[in-house]
Amino acid sequence: MEWQAICTFLDMLELGFYPNEYCFTAMIRACSNAKYSWIGEIIYGSVLKTGYFEDDICVGCELIDMFAKSSGDLGSAYKVFEKMPERNLVTWTLMITRFAQLGCARDAIVMFLDMELSGYAPDRFTYSSVLSACTELGLLALGKQLHSQVICFGLALDVCVGCSLVNMYAKCAADGLVDDSRKAFDRMPAHNVMSWTTIITAYVQSGECDKEAIELFCRMISSQIQPNQFSFSSVLKACGNLTDPCIGEQVYAYAVKLGLALVNCVGNSLISMYAKSRRMEDSGKAFDILFEKNLVSYNAIVDGYTKNMKSEETFLLFNEIADTGIGINAFTFASLLSGAASIGAMGKGEQIHGRLLKEGFESNQCICNALIYMYSRCGNIESAFQVFYQMEDRNVISWTSIITGFAKHGFAARALEMFRKMLETGTKPNEITFVAVLSACSHVGMISEGRKHFNSMYEVHGIVSRMEHYA
């Protein structure tokens, strides 16, 4: 349809007709994709020459959208915004929304503050976008201030704003609780599929409320709200977390009835659900029936095979992914390295290491941690240390992995030395770190040193000792 619109526009010019602001607006909208963005830039030049850019706000808004949607070029979109001689609430909200959607959450918040200083009162769409930006940055305090503003302006009962509040409280809760998120949901006078899906997803992502998520899904259906693909994806994840494929199969049957079973996100969640329930044959079938597989689909089945100790299948899929040309991300490599580690296949691990170097993932923290684990698990502690030494950014997992590696291979002194260096960097150890440290002390009979570290667990680091530490 876009190409037909462009051709019609060109035919109109050949026939001698002169485009007006409405024609330019429609033409720019047709160019708001990667394929035709180059035509859109030519149109932009024509708009500037004809003067419609200064005369019509709608033309400017479409230009902002074209740059943002076609190539994610927020720099050019913002230049258009700055050049606009006249702006209104729609213009400001559009720019804030595109910043929030394209990973520039901080810029979205700055623009929101500039908009308020310019005398414009935000509407429900503005608040929805800036709340999403707060969620992205984890700015709960600012989000609460915006919530107060929302109440003052009488927008708290709006479904769009309500969903953003539910999502913000769920993702920004420091303790993983969803109480505030549920309160925001319950205060909404009416619910649609978007609000139900948001609260269900919030419960699933909290990590401890999967049963409640399934109950909410049932309530949604009882309320005569038809689930969408995202609703099904979230509730299937909940079933997977509970390792309850029976309920999951009932949910999937309903997705089949509504014609949503072959949608990627639903199929991917089904693959993961079966994998978590250790039903890899069914997980493989769910993968095979997917009409259009994406990287998430491959990652789900690779991760499933790895965690179920089916490493041969994992490596076969690795070759299949390479043949499809889909591309491989950090999660894929981490899963493959875990698979190599689980069977002690250092040769396979080294091949994967070579491949990820070619792909430019050598500095990825997640992958480096997986490499340390793989090499130490396969007995090559020096290669593990080499990866660790070359890391630019280390976290507690990086330090714990190398400490564990040294401890398990009998290098207790080096393990304890690494632990001291870890503390010097300000990295806070976790309970697994202390298992490795105490193990290192036991290997060389350092009883007093071990007791000192054991006592410091709670006294210094606030970690409650578990059975593994006593053992």
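This is a predicted model: local features need pLDDT of at least 70, side-chain atom pairs count only at pLDDT 80 or more; totals for chains, interfaces and linings use all residues.
Glu281 and Lys285 form a salt bridge, and their closest N and O atoms are 3.8 Å apart. How accessible are the two partners? Glu281 counts as exposed, at 61% relative accessibility. Lys285 is partly exposed, with a relative accessible area of 47%.

Side chains of opposite charge can pair when their charged atoms come close.

How many salt bridges does the count give? The count comes to nine salt bridges.

Let us turn to another of these pairs. The side chains of Glu417 and Lys421 meet in a salt bridge, at 3.4 Å from N to O. Glu417 and Lys421 are four residues apart in helix H26, residues 412–424, and are therefore separated by about one helical turn. Glu417 has a relative accessible area of 34%, so this residue is partly exposed. Lys421 is also partly exposed, with a relative accessible area of 38%. Elsewhere, salt bridges that share partners join Asp65, Lys69 and Arg98 into one network.

Is Asp65 buried or exposed? Asp65 has a relative accessible area of 11%, under the 20% limit, and is therefore buried.

Helix H5, residues 57–71, and helix H7, residues 89–101, have axes that come within 10 Å and cross at roughly 5 degrees. An angle under 35 degrees counts as roughly parallel, so H5 and H7 are roughly parallel to each other. Which residues make the contact? On the H5 side they are Ile57, Cys61, Ile64, Asp65, Ala68 and Lys69. On the H7 side they are Val90, Thr91, Leu94, Met95 and Arg98. By class, this contact has seven nonpolar, one polar and three charged residues.

Helix H17, residues 264–276, and helix H19, residues 295–307, pack at an angle of about 5 degrees, and their axes are 9 Å apart. That angle makes H17 roughly parallel to H19. The residues that meet are Asn264, Asn268, Ile271, Ser272 and Ala275 in H17, and Val296, Ser297, Ala300, Ile301 and Gly304 in H19. What does this contact contain by class? The contact of H17 with H19 has five nonpolar, five polar and no charged residues.

The largest nonpolar core has 132 residues. Which residues have the most contacts inside this core? They are Ile402 and Ile403. The largest share of the core, eight residues, comes from H5, the helix that also packs with H7. Leaving aside residues up to four places away in sequence, Ile403 touches Ala415, Met418, Phe419, Met422, Thr433, Ala436 and Val437.

Ile200 has its place in helix H13, residues 193–206. Ile200 counts as buried, at 0% relative accessibility. With residues up to four places away in sequence not counted, Ile200 touches Ala213, Leu216, Phe217, Met220 and Ser234. The C-alpha atoms of Ile200 and Ile151 are separated by 24 Å, and these two residues are 49 residues apart along the chain.

Finally, I turn to the protein as a whole. There are 29 helices and zero strands. The C-alpha trace spans about 90 × 50 × 50 Å along its principal axes. Of the 471 residues in the protein, 48% are buried. Among contacts with a separation of 6 or more, 59% are between residues 24 or more positions apart.

Methods: Residues are numbered from 1 along each chain as its sequence is written. Side-chain values use heavy atoms; hydrogens and water are left out. Axes are lines fitted to C-alpha atoms, for helices over the stretch in contact, and angles run from 0 to 180 degrees between N-to-C directions. Helices (H or I, at least four residues) and strands (E, at least two) are DSSP runs, numbered from the N terminus. Angles under 35 degrees count as roughly parallel, over 145 as roughly antiparallel, 65 to 115 as roughly perpendicular and the rest as oblique. Contact means heavy atoms within 4.5 Å. Ala, Val, Leu, Ile, Met, Phe, Trp, Tyr, Cys and Pro count as nonpolar, Asp, Glu, Lys and Arg as charged, and the others, Gly among them, as polar. A salt bridge is a side-chain nitrogen of Lys or Arg within 4 Å of a carboxyl oxygen of Asp or Glu. Buried means under 20% relative accessible area, exposed over 50%, partly exposed in between (1.4 Å probe, protein chains only). A nonpolar core is a set of buried Ala, Val, Leu, Ile, Met, Phe, Trp, Tyr and Cys residues joined through side-chain atoms within 4.5 Å.
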